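Subject: Structure handover and notes

Dear colleague,

Here is the structure I said I would pass on. My notes on it follow below.

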Amino acid sequence: MQFEKPAAAASRRAPTFQANPAADARQLLGALLPRRPALRHVLQAHARLAVLGLATARALPYLLAALPRLPPGGAEACYSYPLSLFCHSSAASAFASNHLLRALPHPLPLRLFPRLPRRNPHSFTFLLASLSNHLLDADHAVGSSSASRFLGSHVHALAVKAGAAGDLYVRNALVHFYGVCGNVEAMRRVFDELPLVRDVVTWNAVLAGYVRVGMMANARELFDGMTVRDEVSWSTVIGGYVKEGEPEVALRMFRNMVMQGLRANEASIVTAMSGAAQLGLLEQGKFVHEVVRRAKMTVSVNVGAALVDMYSKCGSIAAAREVFDAMPRRDVFAWNSMICGLASHGLGNDAVELFEKFVTEGFSPTSITFVGVLNACSRTGLVDEGRWYFRLMSEKYGIDSEMEHYGCMVDLLSRAGLVQEAIDLIEGMHIVPDPVLWGTILSACKRHGLVDLGITVGNKLIELEPAHDGHYVLLASIYATAKKWDEVRKVRKLMSSRGTSKSAGWSMMEARGTVHKFLVGDMDHKESVQIYNMLGIIDRRLAEAGYVPNVSSVLHDIGDEEKIHAIKVHSERLAIAYGFIVVEAGSPIRIVKNLSVCGDCHEFSKMVTKVFSREIIVRDGSRFHHMKDGKCSCHDYW
């Protein structure tokens with residue numbers, strides 16, 4: 001195929017091509033259309049063919065083949081175009097029929113199928129794909145899944161009757177369909193029926209089906225039994241482990257895949273970054289980023305957003321901002337990740353400034369965008385700004401307030417001491433308040449010494465959620481602050497009688513290529529002796545510098561000396577001591593906690609950074625604490 005540019009064209013004139021007389025419509029379409037054409041591209045190409053006199057009935061099926069899958073709920077004109085192409089084609093072939101079925105959304109393919117003049121086994125693959133896509137698209141009405149399952153079984157029966165059920169592509173479509181609708185029994189039955197009619201796509205479809213319903217043990221057993229795996233096989237299982245809350249296993253599998261020489265695809269890259277972000281392990285995240293660099297992968301919008309999210313959640317907000325600023329194109333997800341990341345690191349003013357830039361560049365905020373902005377205001381004490389954005393969300397952008405937005409506002413007002421305003425906001429909500437909101441009020445009562453209100457709210461919460469350990473702990477803490485030890489014992493006894501126990505706090509850090517996890521008073525680490533010796537050195541140096549432990553968080557009526565001993569072995573202190581042993585001077589000690597840091601450990605950590613000139617970064621259950629030179633990024637406002 002050869003094209004010649006016009007000899008002399010004005011610079012402002014759109015570029016054109018002249019077709020070689022020997023060229024046919026199929027070759028011309030290949031030159032005119034992008035790799036993944038949209039409907040408008042096909043319409044433009046059709047117009048070009050018409051101008052060149054090549055839009056013949058014989059050429060129309062190739063236009064039909066170039067059409068993308070049209071979205072559900074489209075305009076009538078959107079669907080009439082492929083139907084018109086089909087009707088005006090001179091050859092009513094199976095080729096044209098199948099591409100018509102592929103382009104149209106559910107339920108049109110099922111309605112048209114009986115009237116098609118020509119069909120072949122592939123026709124069933126497009127029917128099943130239509131049903132599978134229907135299930136995978138946006139939320140559907142109740143009963144849609146069961147109806148689609150019935151229709152898919154009907155198509156399966158038709159394929160058997162037509163003698164097409166033994167075709168590899170039909171079987172792959174069947175396995176995929178049953179996996180999408182969650183019918184793993186039927187999925188496995190189709191997979192097992194003809195062991196010789198399988199390829200890696202078949203195996204991957206079964207893997208995806210197990211992962212979709214959370215059956216990771218079955219998925220892993222199948223994966224381990226595969227004789228041939230591709231990058232889709234690995235990314236499916238890696239994504240499954242992340243989805244099921246096992247990011248450690250996912251990251252091990254990702255590393256194993258890379259070590260075996262397989263090229264990671266975008267899906268595995270994004271899910272591995274998500275796993276590192278969940279754990280807050282920077283070195284793991286850097287490993288995934290290095291895989292991207294070595295493979296010279298293009299940092300797509302999805303990969304860029306995942307990198308921003310990973311670096312933010314792993315405590316390196318500077319690296320997150322560097323990636324964000326370097327992205328040639330950003331979508332809303334990338335902006336949201338950066339805004340939320342700045343908020344979680346206590347950089348509220350920066351987050352608000354970035355939001356204003358986001359709007360200036362013409363983007364429309366989403367519900368998540370406002371969660372980030374309101375969280376930024378909450379973490380930085382920007383009360384007036386928070387009120388303003390909360391109103392702006394609904395009044396200008398028409399976004400209804402959800403539980404997360406109310407949570408940010410209640411947190412903002414409570415931290416600022418405006419507890420009554422926070423209560424008024426909860427009582428005026430247009431949706432039923434989540435107990436978490438009242439839990440925020442209870443935390444504020446403890447913080448601001450509102451004993452009577454705290455007791456009322458605490459008892460209310462225990463009635464609402466009798467199995468939630470945090471409510472008992474906070475109520476007991478309020479009683480302990482007021483020296484009401486009998487009430488503390490009653491709460492603890494009630495907690496015990498209901499089979500509820502306090503969640504064990506742990507701290508985790510990454511060192512020497514290994515993840516280390518510490519519990520309070522932990523003696524299981526292989527270097528426990530050195531850790532406790534180092535902790536003793538730290539304690540002595542801090543005492544000389546004037547540090548005095550605050551034992552108010554110990555909810556036992558015991559002597560101060562015993563309380564001090566209880567605090568001294570909190571998990572983050574053991575992690576800090578181990579960091580002194582294994583993290584070289586000049587590098588920050590990074591710690592991830594599952595619970596919020598207690599007041600005394602927060603003060604202890606700040607003193608360590610001042611006395612020993614070390615930097616400590618702690619990601620607790622709600623935010624980051626960057627501690628350096630005796631100060632914390634939260635400004636003691638958490």
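I start with a single residue. T366 is found in the loop between α20 (348-360) and α21 (367-380); helices (H or I, at least four residues) and strands (E, at least two) are DSSP runs, numbered from the N terminus. At 27% relative accessibility, T366 counts as partly exposed; buried means under 20% relative accessible area, exposed over 50%, and partly exposed in between (1.4 Å probe, protein chains only). Leaving out residues up to four places away in sequence, T366 touches V332, N336 and I399, where contact means heavy atoms within 4.5 Å. T366 and L282 are 84 residues apart in sequence, and their C-alpha atoms are 28 Å apart in space.

On the source: this is a predicted model, in which local features need pLDDT of at least 70 and side-chain atom pairs count only at pLDDT 80 or more, while totals for chains, interfaces and linings use all residues. Residues are numbered from 1 along each chain as its sequence is written, and side-chain values use heavy atoms, with hydrogens and water left out.

Overall

The secondary structure of the chain comes to 32 helices and 8 strands. The C-alpha atoms fill a box of roughly 95 × 65 × 55 Å along the principal axes. Of the 638 residues in the chain, 48% are buried. Among contacts with a separation of 6 or more, 63% are between residues 24 or more positions apart. The chain exposes about 31300 Å², and carbon and sulfur atoms supply 53% of that area; accessible areas come from the Shrake-Rupley method with a 1.4 Å probe, and for residues only the protein chains shown count as cover.

Cores

The largest nonpolar core has 158 residues, and those with the most contacts inside it are F254, I269, M273 and I441. A nonpolar core is a set of buried Ala, Val, Leu, Ile, Met, Phe, Trp, Tyr and Cys residues joined through side-chain atoms within 4.5 Å. Helix α27 (residues 469-481) gives the largest share of this core, 8 residues. The core lies between domain 1 (1-118) and domain 2 (434-502), because both give residues to it; the domain bounds come from an automatic or database domain assignment. Apart from this core lies another, of 27 residues, among them Y547, Y578, I589 and F604.

I441 touches V410, S414, V419, A422, I423, I426 and V457, not counting residues up to four places away in sequence. T440 is found in helix α25 (residues 435-448) and is buried, with a relative accessible area of 18%. With the sequence neighbours up to four places away again left out, T440 touches V410, D411 and S414.

Aromatic pairs

A search of the whole structure finds 18 aromatic pairs. Rings of Phe, Tyr and Trp (its six-membered ring) pair if their centres lie within 6.5 Å; planes under 30 degrees apart count as stacked, over 60 as edge-to-face and the rest as tilted. F518 and Y578 form a tilted pair, 5.9 Å centre to centre with 55° between the planes. This pair links distant parts of the chain, with F518 in strand β4 (residues 514-519) and Y578 in helix α31 (residues 571-582), 60 residues apart. F518 is buried, with a relative accessible area of 1%, and Y578 is buried with a relative accessible area of 1%. Elsewhere, ring pairs link F324, W335, F355, F358, F363, F370, Y389 and Y397 into a cluster.

Cysteines

The search for disulfides (pairs of cysteine sulfur atoms within 2.5 Å) finds 0 in the whole structure. C377 is in no disulfide, and the nearest cysteine sulfur, that of C408, is 9.1 Å away. C377 counts as buried at 0% relative accessibility, whereas C87 counts as exposed at 60%.

Backbone

The peptide bond from H106 to P107 is cis, with omega near 10°. P107 lies in the loop between α5 (94-103) and α6 (108-112). K296 is not a glycine but has a positive phi of about 55°; K296 sits in the loop between α16 (282-294) and α17 (301-313) and counts as exposed at 74% relative accessibility. S613, also a residue other than glycine, has a positive phi near 55°. The place of S613 is in the loop between α32 (599-612) and β6 (616-619), and S613 is exposed, with a relative accessible area of 61%.

Regards
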